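I opened this notebook to record, step by step, what I looked up in a structure that was new to me. The entries begin with the chain as a whole and then turn to single places in it.

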Amino acid sequence: KYIQGLNRKFRQMDEPTDILAFPFHDDIVAGQMPHASTPDEENLGELVLSVPYVQRWCKERGVKLHNRLVRLVAHGGCHCLGHD
């Protein structure tokens with residue numbers, strides 16, 4: 001329910017999802033690291049994972065949870081680096 005609310009608020013999609021990415025940098029160009037002038041600006045963004053959603057997804061498809069989580073974190077990191 002929590003991630004569905006975030007998905008509705010920030011993506012106008014009223015449905016649950018596995019991961020949401022919230023990049024810290026507005027002016028990031030895909031394929032380029034952002035310039036950080038302070039240690040706080042070294043953060044790329046925040047990822048919100050719905051572990052229960054991912055657990056269900058994995059169980060339905062016979063996928064190992066660890067493998068799926070690694071892939072989702074990489075996917076979310078790409079979004080924080082400007083890739084769609």
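**Entry 1, the whole chain.** I began with the surface and noted that the chain exposes about 6300 Å², of which carbon and sulfur atoms supply 52%; such areas come from the Shrake-Rupley method with a 1.4 Å probe, and for residues only the protein chains shown count as cover. I reminded myself that this is a predicted model, in which local features need pLDDT of at least 70 and side-chain atom pairs count only at pLDDT 80 or more, while totals for chains, interfaces and linings use all residues. Residues are numbered from 1 along each chain as its sequence is written, and side-chain values use heavy atoms, with hydrogens and water left out.

I then looked up the fold and found 3 helices and 2 strands, which follow the pattern α-β-β-α-α along the sequence; helices (H or I, at least four residues) and strands (E, at least two) are DSSP runs, numbered from the N terminus. The C-alpha atoms fill a box of roughly 45 × 30 × 20 Å along the principal axes. Of the 84 residues in the chain, 20% are buried, where buried means under 20% relative accessible area, exposed over 50% and partly exposed in between, with a 1.4 Å probe and protein chains only. Among contacts (heavy atoms within 4.5 Å) between residues at least 6 apart in sequence, 54% join residues at least 24 apart.

Rings of Phe, Tyr and Trp (its six-membered ring) pair if their centres lie within 6.5 Å, with planes under 30 degrees apart counted as stacked, over 60 as edge-to-face and the rest as tilted. By this rule I found 1 aromatic pair. The ring centres of Phe 10 and Phe 22 are 5.1 Å apart and their planes stand at 75°, so the pair is edge-to-face. Because Phe 10 lies in helix H1 (residues 2–11) and Phe 22 in strand S1, the pair ties together parts that are 12 residues apart in sequence. Phe 10 is partly exposed at a relative accessible area of 45%, and Phe 22 is also partly exposed, at 22%.

Is Asn 7 buried or exposed? Asn 7, which lies in helix H1, counts as buried because its relative accessibility is 0%. Not counting residues up to four places away in sequence, Asn 7 touches Gln 12, Met 13, Glu 15, Pro 16, Thr 17 and Leu 20.

Ser 50 lies in the loop between strand S2 (45–49) and helix H2 (51–61), and with 13% relative accessibility Ser 50 counts as buried.

Phe 24, in the loop between S1 and S2, counts as partly exposed at 41% relative accessibility. Leaving aside neighbours within four places in sequence, Phe 24 is in contact with Asn 43, Leu 44, Gly 45 and Glu 46. Phe 24 and Gln 4 are 20 residues apart in sequence and 21 Å apart in space, C-alpha to C-alpha.
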